[in-house]
Amino acid sequence: MKLPLLVTMGDPAGVGPEIVAAAFRRGQAEACIAVADPAVLRRAGAGMLAVIEGPADLAAVPPGCLPVIVPPGLPPGLAELPWGRVDARAGAAAAACIEHAVRVLRAGEAAAIVTAPIHKEALAAAGVPFPGHTEMLQALAADAGEPPPVRMMLANEELRVVLVTIHVALREAIELVSFERVLATLRIAHAAAAAWGQARPRIAVAGLNPHAGEGGLFGREEIEIIAPAIEAARAEGLDVAGPFPPDTVFMRARRGAFDIVVAMTHDHGLIPVKYLGVEQGVNVTLGLPFVRTSPDHGTAFDIAGQGVADPSSLVAAIRWARAAVAARG
Ligand SMILES: NC(=O)C1=CN([C@@H]2O[C@H](COP(=O)(O)OP(=O)(O)OC[C@H]3O[C@@H](n4cnc5c(N)ncnc54)[C@H](O)[C@@H]3O)[C@@H](O)[C@H]2O)C=CC1
Ligand SMILES: NCC(=O)COP(=O)(O)O
């Protein structure tokens with residue numbers, strides 16, 4: 001039997017519930033189960049819902065009904081929260097959906113998780129000790145042992161970008177750029193490419209400093225940290241080049257010179273991807289023992305509840321998750 005995908009609702013005050021509802025309404029979320037508060041989905045424009053205990057009940061869901069698993073411990077009154085505001089109850093609900101989805105997935109009842117956007121301030125207001133999905137899923141994947149090394153990748157039709165650092169202040173991110181972290185990123189990026197059928201992806205590494213340090217004139221991280229990590233990866237047989245100036249490497253990758261770009265910080269890597277269009281990007285967590293994808297955009301509080309949010313990126317995330325599951329065999 002083909003296992004379903006679990007789609008978490010995200011922050012109830014953001015566009016997450018309405019893009020989930022829209023994807024189902026348009027028939028673009030086949031064999032998916034929402035992990036959500038049914039009242040939140042109704043407020044977001046979902047049609048008929050079928051609340052089920054778990055994926056085993058999916059066969060009994062009437063056609064046209066959106067199947068929903070309700071996680072335990074959701075705060076009351078979520079469907080009455082004002083749209084577009086940070087609220088600790090919304091953060092707690094978003095976290096409860098993610099935790100429950102991982103539980104169901106790890107019990108072998110689902111194939112992958114697709115997460116609708118959460119608001120990081122709401123998550124923090126709820127006391128959740130992780131800045132985003134990536135760190136939370138890493139911790140949930142740890143079981144009793146060490147958390148696996150994971151990396152964020154944003155991908156669209158033209159670029160695939162893997163990040164060395166993500167949700168920290170820029171000063172801290174610079175401190176975090178180390179030989180080990182860059183090398184681990186290269187290994188993770190290389191291994192992940194098997195999911196889209198590339199055994200030996202051409203990886204370009206963007207530098208940290210302007211013009212990749214301009215031979216040491218504008219910073220020495222390229223010489224002392226990044227180039228040695230690239231050499232070590234090459235010695236392991238990986239096809240890695242760089243460090244290249246961050247302002248031009250994406251242009252070259254987009255023209256086809258590279259399959260993946262590794263970038264040192266969140267905004268170095270994500271601005272080029274998001275600039276190409278919020279509707280086509282997919283956020284993929286690499287290194288997890290399961291498949292997790294997400295739209296590339298956030299909670300879009302400025303338009304939440306207006307019914308104008310575009311579900312295309314969520315649909316792309318669903319497609320990516322299915323393909324990644326199939327590639328895992
Ligand atoms: N996967 C996730 O959970 C993600 C969460 N976030 C979080 O979301 C929150 C808000 O982030 P922002 O920086 O404001 O970025 P955002 O992506 O929520 O919004 C940026 C702009 O894009 C527009 N937009 C976003 N999604 C859209 C859609 N589906 N259809 C039409 N327009 C859309 C918004 O209206 C806004 O003008 C933050 O807490 C951020 O950390 C951001 C990215 C991913
Ligand atoms: N810019 C993407 C982003 O911040 C999403 O983070 P996560 O919730 O997927 O960890």
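Begin by selecting histidine 133, which counts as buried because 25 C-beta neighbours lie inside 10 Å, and a residue needs 20 or more for that label. The model on display is a predicted one.

Keep histidine 133 selected and show the secondary structure: this residue belongs to helix 5, which covers residues 133–140. Setting aside residues up to four places away in sequence, histidine 133 touches Ile98, Thr115, Ile118 and Ser294.

Now select the positions for which the unreviewed UniProt entry gives the feature "binding site": His133, Thr134, Lys274, Asn283 and Arg292.

Is asparagine 283 buried or exposed? It is buried, because 24 other C-beta atoms are found within 10 Å. Display its contacts as well: apart from neighbours within four places in sequence, asparagine 283 meets Met152, Leu154, Thr293, Ser294, Pro295 and Asp296.

Finally, colour the protein by domain. The domain assignment gives domain 1 as 1–148 + 289–329 and domain 2 as 157–276. Their centres, taken over C-alpha atoms, are 30 Å apart. Where the two meet, domain 1 contributes 7 residues and domain 2 contributes 6 residues. On the domain 1 side, helix 5 and helix 11 (312–328) are the elements that give two or more residues. That side comprises 3 nonpolar, 2 polar and 2 charged residues.

Note on methods: Residues are numbered from 1 along each chain as its sequence is written. Chains are lettered from A and ligands numbered from 1 in the order in which they are written. This is a predicted model: local features need pLDDT of at least 70, side-chain atom pairs count only at pLDDT 80 or more; totals for chains, interfaces and linings use all residues. UniProt positions are given in the numbering used here, feature names are shortened, and annotations may be inferred rather than shown by experiment. Helices (H or I, at least four residues) and strands (E, at least two) are DSSP runs, numbered from the N terminus. A residue is buried if 20 or more other C-beta atoms lie within 10 Å of its own, exposed if 12 or fewer, and partly exposed in between; C-beta atoms are placed from the backbone. Domain bounds come from an automatic or database domain assignment. Ala, Val, Leu, Ile, Met, Phe, Trp, Tyr, Cys and Pro count as nonpolar, Asp, Glu, Lys and Arg as charged, and the others, Gly among them, as polar.
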